[in-house]
Amino acid sequence: MGKIEGKCFEMEQNKIKVELLPHTPFIKNNGKFDKKAAIKYSAKLAGECYEPEGWSKLKQEDDKKTENRTNLTLGLEHATPYEHINIGFEIVNLPKILAMILNNERQCSTSEKSARYTPIDANIDSNISTKEGKLYNKWMNIFRTIIKDKYGYVHNDSKIEKLAQENARYLVTVFASTKMIHTVPWIQLNRIVSYMIKYMEKENKNDFDERLIESFNQFINCFLDLDVLDERAMSNRKERGLSLFAERKVEEHFGSSYSTNYKGSFAQLAQAHRHRTLEYNMGLLDEKEYFIPPILLDNSSLVDEWLNDISSVAYANPQGEMISINECGTYDKFILKTKERLCSAAQQEIMKQTRSTLLKYKKALEESNHSLARNIALYAKGARCTFPDYSCANNCKFKEGKTLVRKI
């Protein structure tokens, strides 16, 4: 395991900062984690597996016996007892891509600032270049105008503003600062740090890797400062890595389970992470490609202007940069995804991709005479409000949204 050392950069602008929140157990008066007490408690819980009297006996057992059990569990990577202790924290100034990495590990709860519903300000985020900020503001104005012209009959000014923000953010780096409240099992947080350390030791690093590793160092140093990390908990004998990054290509298949490959933007993948019952990984493309908001496609000059602008900030890995994405899971969990994403309120890009995957899945099941072919047909008629087993709580009265042909 690589060496990690240092302090959290608490006073510097746009450095990652972490604060443990009150729903974390074993917090000391100084705000740091009482790691010794948490480990001792978890090791007692591990005794439930074979202690006839259960917790009533375990809570009073001799400290030496508890310590021996710690060595037999934590020391040998038997991690389950240490998942009972959750670390809840607010983390600010973290790059969006780092939030995606954390969310992709799935064993967590997250409340994150939304770039769809809040404006981006390059003046207060040093991770965003001045050029990106100017392009963001330029396209905010363009999107406001064209969205109002096409969809002003169904969307009010507030909704148009949110849709403009959603599309203009494609021009801003995936390293843009965000903030979130995150809750994760203590042992899982330590595991994730071990995966980060493994990533930091990779060979042939590119500019994306180097920038990401800088954020890893800040992240790790903050949790060192809060006394959350433990060398035994960061043991990684199985050589696991961060789940977001693909190590090999996965073949497509469609049946009771499925796997599919497609291109999508960083922004779309971030949306997909909300479906924690499905698995996602990604890879950068050999040649840069960029998402084009569909509302621009009828105007070739705007398309050219968009591509010229977004390619001019290629160095920043804008959120509209296309990446290769693998998605896999079970049929039932995919249908749950359609009940979220085939809706006029969903991000347009992920709505379109979910629809594309649904139709590909349907065709494959029909061609193989699979028993699920008749079932999937029930979900292929339009938005989720057309599904036989979904009840809409708010009728949008938006025809293009219900038929899944909207351009914004």
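**Helices and sheet**

Modeller: Ile 39, Lys 40, Ala 43, Lys 44 and Ala 46 in α1 touch Asp 63, Thr 66, Arg 69, Thr 70 and Thr 73 in α3 (contact means heavy atoms within 4.5 Å). This is a predicted model: local features need pLDDT of at least 70, side-chain atom pairs count only at pLDDT 80 or more, and totals for chains, interfaces and linings use all residues. Residues are numbered from 1 along each chain as its sequence is written, and side-chain values use heavy atoms, with hydrogens and water left out.

Colleague: At what angle do helix α1 and helix α3 pack?

Modeller: About 85°, with the axes of α1 (residues 35-46) and α3 (residues 63-73) 9 Å apart. Axes are lines fitted to C-alpha atoms, for helices over the stretch in contact, and angles run from 0 to 180 degrees between N-to-C directions. So α1 is roughly perpendicular to α3 (65 to 115 degrees).

Colleague: And what about the sheet, in which order do the strands come?

Modeller: The order is β1-β2-β4-β3, 4 strands in an open sheet with antiparallel pairing. Strands are DSSP runs of E, at least two residues, and helices are runs of H or I, at least four; two strands pair if DSSP finds at least two bridges between them.

Colleague: Which ones are the edge strands?

Modeller: β1 (17-20) and β3 (109-112), each pairing on one side only.

Colleague: How many bridges join β1 to β2?

Modeller: 4, and the two strands run antiparallel. Lys 17, for one, has Val 92 in β2 as its bridge partner.

Terms used: Angles under 35 degrees count as roughly parallel, over 145 as roughly antiparallel, 65 to 115 as roughly perpendicular and the rest as oblique.
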